[in-house]
Amino acid sequence: MDVRIERMARVLANYSLGVQPGEWIVIRAQPVAEPLLKALYKEILTAGGHPQLVVEPPWQMHTFHLYGSDDQLDFVSPLEYLQVDRMDGYIEVLSENNIRALSNVSPPRIQRRSRARTDLRQRFDDRSAEGTLRWVLTLYPTEAYAQGAEMSLEEYQDFVYRAALVDSDDPVTRWEEMAARQRQLTAWLEGRNEVHIRGADVDLRLSVKGRIIATAAGRTNFPDGEIYVAPLEESANGWVRFTYPATIQGREVSGIEFTFEKGRIVKATASRNEDALLALLDTDAGARYLGELGIGTNPGVNRFTHNILFDEKIQGTFHLAVGSSADGTDGVNHCAIHEDIVCDLKEGEITVDGDLFYRNGDFVVS
């Protein structure tokens, strides 16, 4: 086994989740991720936990959306509620063989299933906020992800493990160093109000007054590297033209532009697959409001890969999420979706209450 996979499993079990004896840990993935699943299973057993594998075949979601009736789209298994209500930890391993499997599924069918699972997601988020459920989302490098990133599998594996810092003999120390730097940044932001983002593709003002400024350094997303906040829901005014595409229900949507008034997206356009974007924004009443502003901080994520787990961490970018407020914040926007979209800011700046915070891809405060 690649030693980097073993290191990754060790970090996920012991640093990200901090598995304790007697805890029930659910691991969800597809079969291609078996090497990481085996390593995770071993680490959780070693830590005294009770690992449970939920391995889903790659054809499942496409078949479900293709043949499922409305009643079946609305159904949520009692087993899923049991897991969300009772498990102590959850690891989701993104591990797809086909990242476009849902491209030809009607967006309203996908949105219907998403709405049906709103209560399940809310229970998950509530337990996470209470501290009674710990979770982490990660990725196992597959041919599909490598192809989407326009790399060979070997190149993509190197990229993933470098971004995860498991190319180092002591990845935990490196994650702790990242966390310490990000705590400096969030401390500077605490107690402030108006954020103004300006650049060739953005002129946007929003408020973070009284909100938790969160830092992400490998605990819930892995790899990680961002600071983020849930803006006041009715505070965003201005516009943004996203420089990178978003993958929405398996369809690549590019050339996305938003105009905000009093927090709400009042105009949304895209140069490609605009119908998928508009269907997303019409999911429910909260879908046209922001749930997150994030700024990428991971220097190991140095290129766009068409995968939001990595792309929102690119140093020199910011991202906005429409829909539900980000986990770990005190935002109050409840929605069936949370969709991150990334914008380059290597030439531009962020001021907070008039003070310069970020310029041309890096932070200028200590």
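What follows is a set of questions on the strands, helices, pocket and cavity of this model.

User: What should I know about the model before starting?
Analyst: This is a predicted model, in which local features need pLDDT of at least 70, side-chain atom pairs count only at pLDDT 80 or more, and totals for chains, interfaces and linings use all residues. Residues are numbered from 1 along each chain as its sequence is written, and side-chain values use heavy atoms, with hydrogens and water left out.

User: In what order do the five strands of the parallel open sheet stand?
Analyst: Strands here are DSSP runs of E with at least two residues, and helices are runs of H or I with at least four, numbered from the N terminus. Two strands pair if DSSP finds at least two bridges between them. In this sheet the pairing is parallel, and the order is β2-β1-β3-β4-β8.

User: Which residue of β2 is the bridge partner of Ile25?
Analyst: Strand β1 (residues 24-29) runs parallel to strand β2 (residues 50-55), and six bridges join them. In β2, Ile25 has as its bridge partner Pro51.

User: Which handedness does the β-α-β unit of β1, α2 and β2 have?
Analyst: A crossover is right-handed if, with the strands pointing away from the viewer, the path from the first strand over the helix to the second runs clockwise. Here helix α2 (residues 34-46) forms the unit with β1 and β2, and its hand is right-handed.

User: Which strands are the edges of the eight-stranded sheet?
Analyst: The eight strands form an open sheet with antiparallel pairing, in the order β14-β13-β10-β6-β5-β18-β19-β20. An edge strand pairs on one side only, which here applies to β14 (264-269) and β20 (362-363).

User: At about what angle to β19 does α10 run?
Analyst: Contact means heavy atoms within 4.5 Å. Axes are lines fitted to C-alpha atoms, for helices over the stretch in contact, and angles run from 0 to 180 degrees between N-to-C directions. α10 lies across β18, β19 (355-359) and β20, and its angle to β19 is about 150°.

User: Which residue in the turn between β13 and β14 has a positive phi?
Analyst: Five bridges join β13 to β14, and the two run antiparallel. They form a hairpin with two residues between them, and the one with a positive phi, of about 50°, is Lys262.

User: How many charged residues line the second largest pocket?
Analyst: On a 1 Å grid over the protein atoms alone, a pocket is an open set of points with protein on both sides within 12 Å along at least five of seven lines, while a cavity is a set where a 1.4 Å probe fits but cannot get out; lining residues have an atom within 4 Å of a point. Among the 21 residues lining this pocket, Ser16, Thr215, Arg219, Thr220 and Tyr228 lie nearest its centre. Ala, Val, Leu, Ile, Met, Phe, Trp, Tyr, Cys and Pro count as nonpolar, Asp, Glu, Lys and Arg as charged, and the others, Gly among them, as polar. The lining divides into nine nonpolar, six polar and, as charged residues, six.

User: What volume does the largest cavity have?
Analyst: The count is one cavity of 30 Å³ or more. Leu189, Ile227, Val229, Leu293 and Ile295 are the closest to the centre of the largest cavity, and its lining has 12 nonpolar, one polar and no charged residues. Grid points are joined across faces, edges and corners, and a volume is the space filled by probe spheres set on the points. For the largest cavity that space is about 100 Å³.
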